[in-house]
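Morning, everyone. I have one structure to walk through today. Please have a look at it, and then we'll start.

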Amino acid sequence: MPGLFDHLMPAKRWTPSRYRALLRARGPRSVQFRTRAAILTGAILIGVVATLFAEAADWAAGVFAGYAQSWHWLPLLTTPLTFMALVWLTRRYAPFARGSGIPQVIAAQADPNEATQTLISPRTVAAKAVLTIGAVLGGASVGREGPTVQLAAAVMGATHRLVRVPLRGGVLIAGGAAGVAAAFNTPLAGLLFAIEELASAYEQRVTLLVLAAIVIAGMVAQSVQGDYIYFGAIGAHMPLLSALLVAPVAGIAGGMAGGLFSRTLLAMAQSRNRMTTWTRANPVKFAGACGAVVAVLGVFTGLTWGTGYSAARAMIVGVDAPLWFGPAKFVATAATAIAGLPGGIFAPSLAVGAGVGNLLREVFPGEPASAIVILGMVAYFAGVVRAPLTAVIILSETTASRGLMLPMFATAFIADAASQWVCREKLYHGLSKTFAIPATPKVP
């Protein structure tokens with residue numbers, strides 16, 4: 001039955017011109033439709049790429065572990081040579097592939113479309129993947145999570161170029177966050193990492209974009225790898241009164257150690273003194289010296305090679321570990337990071353944090369070992385990356401220790417403050433300045 005006021009609101013007629021206008025605005029050829037298709041396709045590909053990269057890195061780690069066991073002393077020669085070769089190849093063929101990969105994505109937000117030719121170009125990320133696998137094969141103390149962020153951002157850039165739509169900084173945020181989520185199987189950590197670290201000025205309108213990319217990439221990765229928990233279901237917990245004592249100590253100790261790590265890397269990247277002048281003039285020789293440090297530590301300890309995942313997980317589940325593991329892994333990771341070869345610091349930082357927690361077990365012998373180690377990991381990781389929310393959620397999701405959330409939050413915020421006592425500048429944002437793309441002069 002027609003309404004009483006229908007005669008006052010005449011119905012719109014679907015004329016051919018109106019239909020053509022709708023197709024131009026929202027049809028398959030419209031910018032809006034193509035942008036959404038690029039993001040959807042990119043998120044699916046990120047899940048696939050992250051999975052393949054993870055499997056390749058795990059394979060390389062297994063190969064090196066067997067090699068180091070069979071030929072115990074030979075890494076003293078091969079690891080320094082590998083460092084030298086990787087740095088030479090990186091500087092010669094892919095200078096934007098050095099380091100973690102996260103600073104490149106931060107720098108790329110200044111000019112995303114130009115970055116697809118440099119910081120996140122197919123050539124750069126292909127070299128990044130191959131050289132990072134080479135670093136793992138050489139025994140370097142590197143992780144795959146930072147490189148996965150750069151790979152993910154490059155995938156988003158490639159899908160946008162393919163369908164010829166402009167690339168925005170928010171899309172790079174979405175891609176990088178999806179990379180973190182797929183690498184660790186931690187969707188919430190991916191979202192918080194995008195907010196805290198990748199986006200210096202997070203836009204509200206990007207929220208749904210980031211969420212969509214994370215969900216899609218995570219689903220694809222899970223469909224291949226299965227719904228796993230990175231460190232296993234630990235389920236650690238701690239009484240509130242104990243947490244009031246442990247959290248400040250862990251936060252200060254881990255935060256200051258993480259700040260020291262960040263300050264070391266930033267000093268080597270930004271400072272101008274006799275030592276840094278020599279390292280920049282002789283990058284391959286310096287890489288060999290760093291490789292020698294990593295090799296000596298690895299050969300004589302047997303625990304500091306690679307990501308440190310196995311050692312960290314053993315400490316989380318309560319296995320006794322040498323007290324020197326944390327300091328030794330700290331030195332190995334710092335030597336690898338300042339050498340200039342491609343590779344991330346996420347997983348090695350978690351291992352160093354486990355070593356910090358292992359030291360704290362001696363201070364609090366009556367407290368749950370797993371909880372102490374996890375708080376040490378939260379503190380050190382927050383101190384390095386200065387992203388306390390990400391630190392809490394990533395440890396919560398990778399250990400299924402949601403009962404430890406409040407102590408972890410307290411520890412992370414204290415660690416963030418303590419880190420600033422040692423290093424005021426955030427690590428990734430400081431390193432991103434070394435990847436700044438020179439502005440292209442405009443032709444009058």
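At what angle do helix H17 and helix H19 pack, and how far apart are their axes? This is a predicted model, so keep that in mind throughout. H17 covers residues 369-385, and H19 covers residues 405-422. They pack at about 35°, and their axes are 8 Å apart. The crossing of H17 past H19 is right-handed.

Now the residues in that contact. On the H17 side we have Ile374, Leu375, Val378, Ala379, Ala382 and Gly383. On the H19 side they meet Pro407, Met408, Thr411, Ala412, Ala415 and Ser419. Sort them by class and you get nine nonpolar and three polar residues. No charged residue takes part in this contact of H17 with H19.

Let's step back to the whole protein. There are 20 helices and zero strands. The protein has 444 residues, and 53% of them count as buried. Its accessible surface comes to about 20,000 Å². Carbon and sulfur atoms hold 66% of that surface. Then there is the contact pattern. Take contacts between residues at least 6 apart in sequence: 80% of those join residues at least 24 apart.

Helix H11 runs over residues 240-270, and helix H15 over residues 325-339. Their packing angle is about 25°, with the axes 10 Å apart. Angles under 35 degrees count as roughly parallel, so H11 and H15 are roughly parallel to each other. H11 also passes H15 in a right-handed crossing. From H11, the contact uses Ala257, Leu260, Phe261, Leu265 and Met268. From H15, it uses Phe330, Thr333, Ala334, Ala337 and Ile338. By class, that makes nine nonpolar residues, one polar and no charged ones.

One last stop, a single residue. Is Ala351 buried or exposed? Ala351 sits in helix H16, residues 346-363. Its relative accessible area is 0%, and the cut-off for buried is under 20%, so Ala351 is buried.

What does Ala351 touch, leaving out residues up to four places away in sequence? The list is Thr307, Gly308, Ala312, Met315, Phe325 and Lys329. In sequence, Ala351 and Thr304 are 47 residues apart. In space, their C-alpha atoms are 9.1 Å apart.

That's the tour. Over to you for questions.

Key
Residues are numbered from 1 along each chain as its sequence is written. This is a predicted model: local features need pLDDT of at least 70, side-chain atom pairs count only at pLDDT 80 or more; totals for chains, interfaces and linings use all residues. Side-chain values use heavy atoms; hydrogens and water are left out. Axes are lines fitted to C-alpha atoms, for helices over the stretch in contact, and angles run from 0 to 180 degrees between N-to-C directions. Helices (H or I, at least four residues) and strands (E, at least two) are DSSP runs, numbered from the N terminus. Angles under 35 degrees count as roughly parallel, over 145 as roughly antiparallel, 65 to 115 as roughly perpendicular and the rest as oblique. A crossing is left-handed if the near helix is turned anticlockwise from the far one by less than a right angle, and right-handed if clockwise. Contact means heavy atoms within 4.5 Å. Ala, Val, Leu, Ile, Met, Phe, Trp, Tyr, Cys and Pro count as nonpolar, Asp, Glu, Lys and Arg as charged, and the others, Gly among them, as polar. Buried means under 20% relative accessible area, exposed over 50%, partly exposed in between (1.4 Å probe, protein chains only). Accessible areas come from the Shrake-Rupley method with a 1.4 Å probe; for residues, only the protein chains shown count as cover.
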